[in-house]
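Here is a short report on one protein model.

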Amino acid sequence: MQKNDKVLKLGIPKGSLENATVELFKKAGYDIRISSRSYFPSIDDNEIECMLIRAQEMARYVEDGILDAGITGYDWVMEYGADVEQVTDLVYGKVGKTPVRWVLAVPENSEIKSVKDLEGKRIATEVVGMTNRYLEKHGVKTDVEFSWGATEVKPPVLADAIVEITETGSSLRANNLKIIDTIMESTTKFIANKESYKDSWKKRKIDNISLLLKSALDAAFKVGLMLNVKEKNLEHILSILPSLEAPTVSKLHEEGWVAINIIIDEKKVREILPTLKENGASGIVEYPLNKIIL
């Protein structure tokens, strides 16, 4: 087989985002297969070469041009001050589809109530740069040390406080820690090397991937709804329906009837289905969506 001359080098985050990223690509139409023996996953697109990279290191490799594009957290872009093209936000994570937070936390019984109480104390964290900038903004001097992992277990013996990432806060609570401030919120970012993004072929490829990933995320909590109503009840039924865009209304073969097709939030379906039925709608069908492009 002849090797493709046009190839996009794409970084897939290894670790907590790995499974969620593969699943997102699957919904976008790409089949990524990861082997435990290789850092080079296969993908069913011969114009893409994937490499597994820790999210913490992704922005640096993209900035240096070792990768053309990659997926990482905005927090890691900021931590290292990476000069990369931020193509789009992809709000998803290992638990849910909400931004993660880097928080300042202390033991439940700690006398530390605010950042000002940290003067002269010790903080353990993986984001030393971010933490130092936060402390400098508040005019507080502390000993900030890099944490190699298991940061939640370090207070109170090995540290007075920690700066740690959380989606739900459950791990912090499990370790008897309380949050006293949020340092920053972070979403997942699709980033690109600036020189690669100037290349017309690579830019088009990156933008197409971005479009498909965004469309898969936009569809995650939406469903399609089809229903039939009598024309005389149309305006009343439309007033009941929430809609992402203007509903599609088309005439049915049977005189005096129309079909309505809309996209709505999945959680709203259970609220409006009984009302639709009570107001004369029939042939109601709910169906899942893979992608939405507005």
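## Terms and basis

Two strands pair if DSSP finds at least two bridges between them. Helices (H or I, at least four residues) and strands (E, at least two) are DSSP runs, numbered from the N terminus.

This is a predicted model, in which local features need pLDDT of at least 70 and side-chain atom pairs count only at pLDDT 80 or more, while totals for chains, interfaces and linings use all residues. Residues are numbered from 1 along each chain as its sequence is written, and side-chain values use heavy atoms, with hydrogens and water left out.

## The five-strand sheet

Strand S8 (residues 122-125) runs parallel to strand S10 (residues 161-166), and three bridges link the two. One link sets Ile-123 against Ala-161 in S10. Both strands belong to an open sheet of five strands, ordered S9-S8-S10-S7-S11, with mixed pairing. Strand S9 (143-146) and strand S11 (177-186) are the edges. Each has a single partner strand, so one side of each is left without a neighbour in the sheet.

Neighbouring strands here are turned by 25° against each other on average, direction ignored. Axes are lines fitted to C-alpha atoms, for helices over the stretch in contact; angles run from 0 to 180 degrees between N-to-C directions. Helix H4 (residues 128-137) packs on this sheet. H4 touches strand S7 (100-107), S8, S9, S10 and S11, and its direction makes about 165° with that of S9. Contact means heavy atoms within 4.5 Å.

## Two nonpolar cores

A nonpolar core is a set of buried Ala, Val, Leu, Ile, Met, Phe, Trp, Tyr and Cys residues joined through side-chain atoms within 4.5 Å. Buried means under 20% relative accessible area, exposed over 50%, and partly exposed in between (1.4 Å probe, protein chains only).

The largest core has 28 residues. Those with the most contacts inside it are Leu-10, Phe-25, Phe-190, Ile-206, Ile-209 and Leu-213. At least two residues each come from strand S1 (8-14), helix H1 (18-28), strand S4 (48-54), strand S5 (69-73), strand S6 (85-90), strand S12 (188-192) and helix H7 (200-218). H7 gives the largest share, six residues. Beyond its neighbours within four places in sequence, Ile-209 contacts Leu-8, Phe-25, Tyr-30, Ile-48 and Phe-190. A second, separate core has 19 residues, including Ala-55, Val-106, Val-127 and Val-163.

## Strand S5

How many of the five residues of S5 are buried? Five of the five are, so S5 is largely enclosed by the rest of the structure. In a regular strand, side chains alternate between the two faces of the sheet. Both faces of S5 are covered, with Ala-69, Ile-71 and Gly-73 buried on one side and Gly-70 and Thr-72 buried on the other.

S5 runs parallel to S1, joined by two bridges. Gly-11 stands opposite Gly-70. S5 is antiparallel to S12, with five bridges between them. There, Thr-72 has Lys-189 as its bridge partner.

## Around Ile-260

Ile-260 lies in strand S15 (residues 257-265). Its relative accessible area is 1%, so Ile-260 is buried. Leaving aside neighbours within four places in sequence, its contacts include Leu-225, Leu-227, Leu-234, Ile-237 and Val-249. Ile-179 is 81 residues away in sequence and 48 Å away in space, C-alpha to C-alpha.

Strand S13 (residues 222-230) pairs with S15 in the antiparallel sense over nine bridges. One sets Lys-230 against Trp-257. S13 also pairs with strand S16 (residues 282-288), antiparallel, over five bridges.
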